[in-house]
Amino acid sequence: MTELPPGQGAEPANGLEWFGRELEAALTHKGASQRELADFTGYKEPYVSKVK
């Protein structure tokens, strides 16, 4: 599993929280922004933010 940002518990509470953490880690690893992910996937930026 990826390293957790400060202030987050050791285990995600559910699958959605896990996915959000993985998404955040992937964006950080790639140096990509939420806007770039939204443009690439065709989703609107507020939706990407909500998922994250």
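Modeller: Helices (H or I, at least four residues) and strands (E, at least two) are runs in the DSSP assignment, numbered from the N terminus. Read along the sequence, this chain follows the pattern α-α-α, with three helices and zero strands in total. The model is predicted, so local features need pLDDT of at least 70 and side-chain atom pairs count only at pLDDT 80 or more, while totals for chains, interfaces and linings use all residues. Residues are numbered from 1 along each chain as its sequence is written, and side-chain values use heavy atoms, with hydrogens and water left out.

Biologist: What span should helix 1 have, and how far apart are its end C-alpha atoms?

Modeller: The expected span of a helix is 1.5 Å times one less than its number of residues. Helix 1 covers residues 15-30, and its 16 residues should therefore span 22 Å; the end C-alpha atoms are 22 Å apart, in agreement with that value.

Biologist: Which residues of helix 1 are buried?

Modeller: Buried means under 20% relative accessible area, exposed over 50%, and partly exposed in between (1.4 Å probe, protein chains only). In helix 1, the buried residues are Gly 20, Arg 21, Leu 23 and Leu 27. Viewed down the axis of helix 1, they fall within an arc of 160° and so line one face of the helix; the arc is that of the directions from the helix axis to the C-beta atoms. His 29 and Lys 30 are exposed on the other side of helix 1.

Biologist: Against what do the buried residues of helix 1 pack?

Modeller: Contact means heavy atoms within 4.5 Å. The buried residues of helix 1 pack against helix 2 (34-41) and helix 3 (45-51).

Biologist: Which residues does Gln 34 touch, not counting residues up to four places away in sequence?

Modeller: With that exclusion, Gln 34 touches Leu 27, Glu 45, Val 48, Ser 49 and Lys 52. Gln 34 belongs to helix 2 and is buried, at a relative accessible area of 19%. Ala 38 is also found in helix 2 and counts as buried at 4% relative accessibility. Leaving out residues up to four places away in sequence, Ala 38 touches Tyr 43, Lys 44, Glu 45 and Val 48. The C-alpha atoms of Ala 38 and Ser 49 are separated by 9.1 Å, although these residues are eleven apart along the chain.

Biologist: How many salt bridges does the structure hold?

Modeller: A salt bridge is a side-chain nitrogen of Lys or Arg within 4 Å of a carboxyl oxygen of Asp or Glu. The structure holds two. One joins Arg 21 to Glu 17, with the closest N and O atoms 2.7 Å apart.

Biologist: Why are Arg 21 and Glu 17 separated by about one helical turn?

Modeller: An α-helix has 3.6 residues a turn, so residues three or four places apart point the same way. Arg 21 and Glu 17 are separated by about one turn because they lie four residues apart in helix 1. Arg 21 is buried, at 6% relative accessible area, whereas Glu 17 is partly exposed, at 31%.

Biologist: Which side chains meet in the salt bridge at 3.0 Å, N to O?

Modeller: Those of Glu 45 and Arg 35. Glu 45 lies in helix 3 and Arg 35 in helix 2, so the pair ties together parts that are ten residues apart in sequence. Glu 45 counts as partly exposed at 29% relative accessibility, and Arg 35 is exposed at 52%.
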